[in-house]
Every structure is written in structure tokens, then in C-alpha cells.
Amino acid sequence: MTTNRTSPPFADRVLQNVARVLVGKEDVTRLCLAGVLAGGHLLLEDVPGTGKTMLARALAHSLGLDFARIQFTPDLLPGDVTGVSVYRPASGAFEFVPGPIFTGVLLADEINRATPRTQSALLEAMGEGQVTESGVTHVLRQPFVVVATQNPVEHEGTYRLPEAQLDRFVLRTSVGYPGLEQEVEMLSRLRGAHPITTLSAVATPADLLDAQAQVREVHVAPDVQRYVAALGARTRRHPQILLGTGPRASLALQGVAQALAWLDGRTFVTPDDVQVAAPAVLAHRLTLRIEARLQGLAPEAVVAEVLRSEPVPVETASVDDVPTTAVHARVPPTR
């Protein structure tokens with residue numbers, strides 16, 4: 001079978017444009033773009049100064065989307081996010097004043113510093129693409145992406161994100177520190193003006209919507225779908241997991257796997273796509289038992305164990321570039 005693994009021009013333009021701002025973070029950018037192509041929202045969990053904000057801004061600029069940033073603080077109110085109704089004496093009526101959530105890419109910076117009540121103001125927008133205020137529903141423009149950040153180390157003055165909120169993020173990832181040579185290159189690039197100030201759009205919102213539609217058409221064989229569902233089911237009966245993943249996680253895993261296949265120029269999903277996506281899609285949705293947490297076990301380690309334990313479908317034949325699969329009894333290698 002001959003397979004075209006060249007990324008679509010749309011993806012190449014976006015990835016290369018973001019690379020002007022983030023040095024040596026192509027894999028992270030690709031994963032985040034896959035999350036956006038899957039129609040989801042992103043959670044970036046990392047220490048300060050690693051480029052979380054720059055990644056969000058660069059993606060927004062590259063995709064031609066409006067960008068808004070909210071610094072989440074304990075005194076932030078839900079209306080500060082969604083908007084409020086203001087009484088206008090001249091007309092004798094209330095008028096809705098939209099909040100910063102009415103944008104293309106919303107950066108919820110340090111989301112865990114706001115109260116759960118304010119965090120929950122994002123739930124309807126992230127899940128249904130709309131905001132309800134005073135009984136009136138206001139539909140958000142599409143595409144709409146929330147990029148939230150949080151510091152995993154500092155916990156003073158923070159509120160843990162509830163499971164319902166975490167489940168709305170299609171994936172969680174970190175930017176990470178640059179390597180030595182990458183940091184030297186970054187210092188060289190930033191001697192003058194920051195590249196983000198001159199970053200221009202290389203795509204339009206319509207291009208993104210079209211790409212998202214193409215991603216949804218990427219073929220997922222029945223055995224691969226069963227593999228996705230089996231991974232979720234295995235998390236629900238794992239001895240070290242108190243709360244496993246639900247159906248929304250399986251939908252997210254399939255969607256991100258479809259996006260990764262599309263970014264590779266393929267019209268079908270392979271088990272490798274699922275395995276690459278699984279840690280970022282599943283780990284933040286798991287609640288470990290207290291014994292596992294006391295042992296210092298990370299959710300990512302449990303996901304790796306689940307991947308090793310579940311039999312993997314393997315390609316056996318193909319017709320018209322769409323492979324058929326069979327279940328391989330061998331345990332896959334650690335990824």
C-alpha cells in the first residue's frame with residue numbers, strides 16, 4: 001500500500017508559522033493543533049516561563065482567529081468571563097454586554113486560581129458553544145477554542161479543577177523546557193522585537209472549519225474503534241484508578257487520533273495514532289486511588305500500563321487505501 005504521509009498545506013503553514021515563535025516545540029504544537037482540529041479545547045500544564053501563552057497566541061494569530069486573555073484570580077466573577085446585562089436608562093431595558101469569552105481563542109491563564117464557580121462559567125461555552133445569561137442564550141462564533149494554563153507545582157491560593165471541567169478539555173499537555181541549543185537559538189531570535197509582534201495569519205477561520213470537517217471524515221475501522229473503547233473500559237476496572245474515563249474521553253481519543261492521521265496525510269486511523277494520543281487525552285481524566293497517589297504514581301504511568309495491557313489491532317490487508325485490521329495478541333511496547 002502506498003500512503004501519502006505529507007502534511008496538508010494548511011497544517012504545514014500553521015506549524016511553520018508557530019515555529020517562528022516557539023523554538024524546537026514542533027511535537028507539542030502538532031499535538032495542540034490536532035486537539036484544535038478535533039474540535040476540542042486545550043489544557044497546558046507547566047511551570048511559568050515555558051511558552052504556554054506564546055503557544056496560544058501563536059496558534060490564534062496563525063489561524064486568523066481573534067484572541068482574548070483572562071487572568072484568572074480569586075476575585076474573578078463569572079460575569080467577568082461571560083458578560084453581563086446592563087440596564088440602559090435611555091431605553092428602559094437591559095442590554096447584554098459580551099464578555100471576553102466571545103472570541104476565537106480564549107486564553108484562561110492560571111485557570112486554577114479562580115473559584116470553582118468562575119471556572120464553571122466556561123462549562124456551557126466549552127461544551128455547547130453558547131452562553132446563557134439572564135435566561136437568554138447567546139451563541140458563540142465558531143471556531144471557538146479555550147486554551148487554559150495552570151502551574152502544576154504551585155498550589156497555594158489555587159482551586160483544583162473539578163472532574164467535569166477537566167473532562168471538557170480534549171487533551172492536556174506541557175510545553176516543557178527547551179534543550180540547550182534551542183534555548184541559545186531562542187536568545188538569538190529575541191535580541192530584537194519578539195516574533196509574536198510580527199506574526200501574521202497563514203490561514204482563515206473558514207480554513208480551520210474546513211479542516212475540522214475533513215478530520216471528521218478520516219476513516220476509523222471497527223476494530224480500531226473497539227480498541228479505543230477497550231482502553232476506556234480498562235481504565236474503569238484498573239485497580240489503581242478510582243474513577244476511569246467516560247464515553248466523552250473515548251470520543252476525544254478517536255477525534256485526536258483522526259486529527260493526527262490527517263496531519264500525516266492519511267485517510268485512516270491506525271492504532272499508533274491512538275497510542276500517541278492516549279496519554280494526553282486520557283491521563284487528566286483519571287482519578288487515582290489514594291494509595292496510588294501516596295506512592296507517587298502519575299496518571300500518565302497508569303495510561304502507559306493500560307496501553308501495554310490491551311491487545312492492539314494490527315493491519316492485515318487494505319482496499320482503496322483503507323486498511324482492515326485484526327487483533328494482535330502481543331502486548332505493545334511501552335511508548
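Predicted model: local features only at pLDDT ≥ 70, side-chain atom pairs only at ≥ 80, totals over all residues.
At what angle do helix H10 and helix H11 pack, and how many Å apart are their axes? Helix H10, which covers residues 222–236, and helix H11, which covers residues 247–263, pack at an angle of about 140 degrees, and their axes lie 9 Å apart. Angles over 145 degrees would count as roughly antiparallel, and H10 and H11 are therefore described as oblique to each other. Their crossing is right-handed. On the H10 side the contact is made by Gln225, Val228, Ala229, Leu231 and Arg236, while H11 contributes Pro247, Ser250, Leu253 and Gln254. Sorted by class, this contact of H10 with H11 has five nonpolar residues, three polar ones and one charged one.

Let me turn now to the sheet. Five strands form an open sheet in the order S2-S5-S8-S1-S9, and their pairing is parallel. At the edges we find strand S2, residues 67–71, and strand S9, residues 169–173, each of which pairs on one side only. If we ignore direction, neighbouring strands of this sheet are turned by 20 degrees against each other on average. Strand S1, residues 41–45, runs parallel to S9 and is joined to S9 by four bridges, and Leu44 stands opposite Thr173 in S9.

Finally, there is helix H3, residues 52–62, which packs on the sheet and touches S1, S2, strand S5 (105–109) and strand S8 (145–150). The direction of H3 makes about 170 degrees with that of S5.

Key: Residues numbered from 1 in each chain as written. Heavy atoms only, no water. Axes fitted to C-alpha atoms, helices over the stretch in contact; angles between N-to-C directions. Helix = DSSP H or I, 4+ residues; strand = E, 2+ residues; numbered from the N terminus. Parallel < 35°, antiparallel > 145°, perpendicular 65-115°, else oblique. Left-handed = near helix turned anticlockwise from the far one by under 90°. Contact = heavy atoms within 4.5 Å. Nonpolar A, V, L, I, M, F, W, Y, C, P; charged D, E, K, R; others polar. Pairing = 2+ DSSP bridges.
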